[in-house]
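This report describes some helices, strands and a nonpolar core of one structure. The sequence and the coordinates come first.

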Amino acid sequence: MDGLTYKISFFTVKAMAKILQDKFWYFIAYRKVHYLDGFYYILSFDCDTQEDAEAALALYHRLRKEKIYGVYAVPGELLEKHQSIYKEIAHDPQNEFINHGYYTHTFWCKERSRHESCFFYNELSPKKIIDDIRRGDQTLRNVLNLPPLGFRAPHFGCFQRPENLKLIHSTIKELNYIYSSSTVPIYSSIYGPIIKMNDLFEFPVTGTFSQPGHILDSWAFFAAPDRNNTPEDYAKELKQLTTFLNRANQTKESYLINLYVDPSHVIENDIFLNAIKELNSRAQNITYSSLLKKIEIL
Ligand SMILES: [Zn+2]
């Protein structure tokens, strides 16, 4: 997609959302996947802080009881610091680890007593970005002895332009990756939930049911200090979306929900786990590479 197509596509989708309102989501937002054989969901975890390590382990054990597995995106620096935790999670072959860059992209802000974001790709030179991706790859290989197949850009929402994605995709392609999940929900509205882009696969994250352009993430519903949403809203959004797609799926259409959360945001709250359990009763849990294997794209 060139810069002009990108601008036109995004403008069109936004305009249609405004005009069609509710109907928009029924016709556009949740695109079916023609070559998939059912209703699937992927649960991915961005483990961006020290606290996420313990929380990821606790969450892994709780989810395993339900036979639910996830995809873990951990910056290389934190992977090195919390090796034993992530080795335990990676030891279970049903889980998947993806490259999430090397450098930590959050820091503890003393004045505000909270984690803040840093290390945004849109503020870095291509050289620095390529270095971050390559070092992240090397760390996964060194620490977990894994050849990663996928990547998620840190703070990917700030790095969405076609030339940004091209840089990511060409860099990970050189590392023999087959996919990335570094795009915002609007990409899914335009192209569907699995996109062939720059010679690999891109999985946009899923949006909320009420506002599909907004990511259904843990920050907005569980953690942001100035948030308007509550954990109950998260469960409600997920239930509405699942009900809608489930109904559509009875007509043998196939869908994919691609969720991501930060473990430390949701570990203290049963609402998240219960919402996922309910989702799991209606859709099949899978990981990115298993899904691509299933549809024999690998
Ligand atoms: Zn991150």
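What covers the buried residues of α5? The cover includes α3 (50-65), β2 (71-74), α4 (76-81), β3 (96-99) and α6 (126-144). The model is predicted, and what follows describes it as such.

Helix α5 itself runs over residues 83-91, and its buried residues are Ile85, Tyr86, Ile89 and Ala90. They cover an arc of only 125° around the axis, which puts them on the same side of α5. An α-helix has 3.6 residues a turn, so residues three or four places apart point the same way. The face of α5 turned away from this buried side carries Ser84 and His91, which are exposed.

Helix α6 is one of the elements that cover α5. The 19 residues of α6 should span 27 Å at 1.5 Å a residue, and this agrees with its end C-alpha atoms, which are 27 Å apart. Buried in α6 are Ile129, Asp132, Ile133, Gly136, Asp137, Thr139 and Leu140. These residues cover an arc of only 160° around the axis, which puts them on the same side of α6. They pack against α4, β3, β6 (150-151) and α7 (162-174). After α6 comes Asn145, with a positive phi near 60°.

| α5 | Ile85, Tyr86, Ile89, Ala90 | 125° |

The strands β6 and β7 are taken next. Strand β7 (residues 179-183) is mostly covered, with five of its five residues buried. β7 pairs with β6 in the parallel sense over two bridges, and Gly150 has Tyr179 of β7 as its bridge partner. Between these strands the chain crosses from β6 through α7 to β7, and this β-α-β crossover is right-handed. β7 also pairs with strand β9 (residues 200-204), in the parallel sense and over three bridges. There, the bridge partner of Tyr179 is Phe201 in β9.

Which residues of the largest nonpolar core touch the most other members? Of its 73 residues, these are Tyr41, Ile42, Cys47, Ala56, Tyr72, Tyr179 and Leu259. Leaving aside residues up to four places away in sequence, Ile42 touches Val71, Asn258, Leu259, Ile286, Thr287, Tyr288 and Leu291.

Key:
Residues numbered from 1 in each chain as written. Predicted model: local features only at pLDDT ≥ 70, side-chain atom pairs only at ≥ 80, totals over all residues. Buried ≥ 20, exposed ≤ 12 C-beta atoms within 10 Å, placed from the backbone. Helix = DSSP H or I, 4+ residues; strand = E, 2+ residues; numbered from the N terminus. Arc of directions from axis to C-beta. Contact = placed C-beta atoms within 7 Å. Core = buried A, V, L, I, M, F, W, Y, C linked by C-beta atoms within 7 Å. Expected span 1.5 Å × (residues − 1). Pairing = 2+ DSSP bridges. Right-handed = clockwise from strand over helix to strand, strands pointing away.
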